[in-house]
Amino acid sequence: MTINLLLLGRGSDPASERGVDCPGELPPAADPDLAARAAAAKAALGDRVFVLGHHYQRDEVIAFADVTGDSFKLAQQAAARPQAEAIVFCGVHFMAESADILTGPHQRVVLPDLAAGCSMADMATAEQVEQAFDDLLDAGAAAGTVPVSYMNSSAAIKAFTGRHDGTICTSSNAKRALDWAFGERGGERVLFLPDQHLGRNTAIGELGMTEDDCVVYDPRRPGGGLAPRQLREAKMILWRGHCSVHGRFTRASVDEVRARVPGVTVLVHPECQREVVLGADLVGSTEYIISVVDAAPPGSAFAIGTELNLVRRLATRHPDKTIVFLDRTVCFCSTMNRIDMPHLVWALESLARGEIVNQITVDPDVATYARKALDQMLALP
């Protein structure tokens with residue numbers, strides 16, 4: 001049997017993941033002039049282009065970002081630059097969708113590599129979520145259920161949330177979102193999509209719920225693997241989804257680093273498993289992690305449970321502090337790392353020639369309801 005292999009960005013295979021084919025020639029990764037070419041193209045575009053870089057991007061890509069931040073901060077920044085004709089989003093697909101929803105109709109959002117997706121966001125499809133709501137209807141639990149969807153979700157999931165009068169949340173405002181859902185919104189229970197760990201850690205760690213208040217809905221099983229009574233009695237219906245990076249950390253990782261690094265502070269993201277959060281000293285969003293490390297005195301020691309590009313960047317920025325990755329096995333976010341210099345140069349040089357490549361557009365009906373959910377998040381107290 002003959003197996004034909006395709007280089008990423010050259011050629012296409014209908015059975016493979018989206019984004020393998022690029023409508024143009026990528027510069028070779030070994031081109032020593034990539035940084036100079038990116039700088040020249042960006043200078044030629046001037047204020048007509050605005051480059052956004054997520055914290056988990058490679059350093060060489062971050063060097064060309066006008067703003068760095070988490071997914072929602074970057075989408076907000078895109079919306080705040082109406083003079084930019086093109087937004088180049090160095091992140092992943094759901095982030096570029098949010099930027100398209102929040103920017104004006106005259107702006108074009110470009111994702112340098114369409115294969116830069118998110119495994120967590122892909123764990124909840126619109127069809128699966130609609131089936132879950134049907135299961136809630138059948139169980140007599142739909143009327144009291146408020147959807148709260150993590151920013152790390154597709155535009156279609158955000159639209160589902162908006163249609164059912166729910167809200168979007170980030171890792172930094174998840175508690176406020178749940179307080180609103182159970183309080184002002186008057187919900188009896190929350191359907192939390194798509195990351196079960198953020199939902200569980202927020203509900204138990206910040207709202208005082210117990211494990212018994214939480215059930216996990218598995219979209220691959222009939223009825224989510226839950227009895228109607230479980231759906232009715234639950235306070236938190238957690239979607240069976242997780243982050244492939246944060247989900248890899250274990251309690252053994254925490255115990256090992258404490259034995260290896262004297263006086264270490266274990267600092268983790270709330271997308272980590274509950275056992276990891278319980279073993280950590282501090283828990284918070286990406287922006288929180290950065291602020292804690294930045295404010296710490298010289299000589300501090302941190303083991304950080306989040307994406308490796310960010311951990312390495314913090315270690316480089318603070319040579320007077322000991323900063324290590326929580327797990328001894330190196331783990332980048334593989335989809336974030338698809339945005340590399342060849343793809344960035346190709347996107348910028350194409351824009352400089354007047355060609356819009358890899359444009360991300362959201363269906364207007366989907367965008368309307370997704371925007372409703374995003375606006376509700378902005379209105380959270």
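How close do the axes of helix α12 and helix α13 come, and at what angle do they cross? The structure is a predicted model, in which local features need pLDDT of at least 70 and side-chain atom pairs count only at pLDDT 80 or more, while totals for chains, interfaces and linings use all residues. Residues are numbered from 1 along each chain as its sequence is written, and side-chain values use heavy atoms, with hydrogens and water left out.

Two packed helices are described by the angle between their axes and the distance between the axes. The axes of α12 (residues 286-295) and α13 (residues 308-317) come within 11 Å and cross at roughly 20 degrees. This makes α12 roughly parallel to α13 (angles under 35 degrees count as roughly parallel, over 145 as roughly antiparallel, 65 to 115 as roughly perpendicular and the rest as oblique). Axes are lines fitted to C-alpha atoms, for helices over the stretch in contact, and angles run from 0 to 180 degrees between N-to-C directions. Helices (H or I, at least four residues) and strands (E, at least two) are DSSP runs, numbered from the N terminus.

On the α12 side, Thr-286, Ile-289, Ile-290, Val-293 and Asp-294 meet Leu-310, Leu-314 and Arg-317 of α13, contact being heavy atoms within 4.5 Å. The residues of this contact divide into five nonpolar, one polar and two charged (Ala, Val, Leu, Ile, Met, Phe, Trp, Tyr, Cys and Pro count as nonpolar, Asp, Glu, Lys and Arg as charged, and the others, Gly among them, as polar).

Val-283 lies in strand β11 (residues 282-283). At 34% relative accessibility, Val-283 counts as partly exposed (buried is under 20% relative accessible area, exposed over 50%, partly exposed in between, with a 1.4 Å probe and protein chains only). Not counting residues up to four places away in sequence, Val-283 touches Val-268, His-269, Pro-270, Val-277 and Tyr-288.

The structure holds three aromatic pairs (ring centres of Phe, Tyr and Trp, the last by its six-membered ring, within 6.5 Å; planes under 30 degrees apart count as stacked, over 60 as edge-to-face and the rest as tilted). In one of them, Tyr-217 and Trp-239 have ring centres 5.3 Å apart and planes at 25 degrees, so the pair is stacked. Tyr-217 belongs to strand β8 (residues 214-217) and Trp-239 to strand β9 (residues 236-239), so the pair ties together parts 22 residues apart in sequence. Both Tyr-217 and Trp-239 are buried.
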